[in-house]
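Student: I've got a model open and I'd like to get to know its ligand site. Can we go through it together?

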Amino acid sequence: MSSRHSPTLTVMVQAARKAARTLSRDFGEVENLQVSVKGPGDFVSAADLRAEETIREELTRARPGYGFLLEEGGAVEGSDKSHRWIVDPLDGTTNFLHGIPLFAINIALEREGEIVAGLTYNPISDELFWAEKGKGAFINDKRLRVAARRDLSQSVVCTGIPHIGWKNHAEFSRQLATIMPQVAGIRRTGSCAIDMAFVAAGRFDAYWESGLNAWDLAAGVILVREAGGTVTDLNNGSDILGKGSVLATNETLHKPLMNIIKKAGAA
Ligand code: IPD
Ligand code: CA
Ligand code: CA
């Protein structure tokens, strides 16, 4: 990690690394559980909760007054009303459950309603993506920039595909049908946190998805912005966490992609 980061970011990194140790161990166990009749479902829920508990304990120890928005534990008010941690202890649960090594821990810090720090950590690749307001975005110690591609025809675009139990299958199919003939490739990782981090790193040229929650997106929003990217909700507004929808890309590709998604019928 670089000397550029604040003490608060050190706290976030320590919490993520501690949770990652047990999460990685549990991931190893999941492979054994695939063959059992019961399957790894309950085990994964327990791993998820364990990771959240560790993160919560570590963050509380370092910053006792801050509140929380936790995926599993919900909203927890702190005595310090201006700071709130937004945490997804395991983003990419379906991957984790299936033994696919694409998942991440997501921690963001909100100050007076604005995200000021974000971290996405993939314990398997040991890639730590982090950003702080005004300081830039980094992977481990290396500065990140979004991709500079200007042509959709050369762009690799990532998305999230609605699964069983979701209502927006038809709408997503329209968006996909409109975008796929115009781009170099479409990807689906199964982790919103990784998708946003990869846009910040210039690996994906763009990412869009709807039906998300604040803990999926909070860290990624600051990662992409600090990497020089443009992030909006799918109504082209700034209420990304509230709407739970996102288009993250560079300044040039944002407009044409937003137009395509709107034409196809956004969420
Ligand atoms: C999910 C992942 C996935 C996205 C889903 C999210 P989870 O989070 O980010 O990529 O498509 O909408 O719910 O459940 O793995 O924490
Ligand atoms: Ca998630
Ligand atoms: Ca999760």
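This is a predicted model: local features need pLDDT of at least 70, side-chain atom pairs count only at pLDDT 80 or more; totals for chains, interfaces and linings use all residues.

Student: Which strand gives the most to the shell around ligand 1?

Tutor: Look for the strand that puts the most residues into the shell.

Student: Which domains does the shell draw at least three residues from?

Tutor: Check the domain bounds, 7-143 and 152-265. Each of them gives at least three residues to the shell around ligand 1. That makes the answer domain 1 and domain 2.

Student: How far is an oxygen atom of ligand 1 from an N or O atom in the side chain of Arg 188?

Tutor: A pair of N or O atoms within 3.5 Å counts as a polar contact. Asp 88 has one through a polar side-chain atom, at 3.3 Å from a ligand oxygen, and Leu 90 has one through a backbone N or O atom, at 3.1 Å. For the side chain of Arg 188, the distance to an oxygen atom of ligand 1 is 3.0 Å.

Student: What share of ligand 1 does the protein bury?

Tutor: Start with ligand 1 taken alone, which exposes 380 Å². The space it takes is the largest pocket. Of that exposed area, the protein buries 83%.

How values were computed. Residues are numbered from 1 along each chain as its sequence is written. Chains are lettered from A and ligands numbered from 1 in the order in which they are written. Side-chain values use heavy atoms; hydrogens and water are left out. A polar contact is a pair of N or O atoms within 3.5 Å; within protein, one must be able to donate a hydrogen and the other to accept it, and residues adjacent in sequence count only if both atoms are side-chain atoms. Accessible areas come from the Shrake-Rupley method with a 1.4 Å probe; for residues, only the protein chains shown count as cover. On a 1 Å grid over the protein atoms alone, a cavity is a set of points where a 1.4 Å probe fits but cannot get out, and a pocket is an open set with protein on both sides within 12 Å along at least five of seven lines; lining residues have an atom within 4 Å of a point. A molecule sits in a cavity or pocket if more than half of its atoms lie within 2 Å of its grid points. Helices (H or I, at least four residues) and strands (E, at least two) are DSSP runs, numbered from the N terminus. Domain bounds come from an automatic or database domain assignment.
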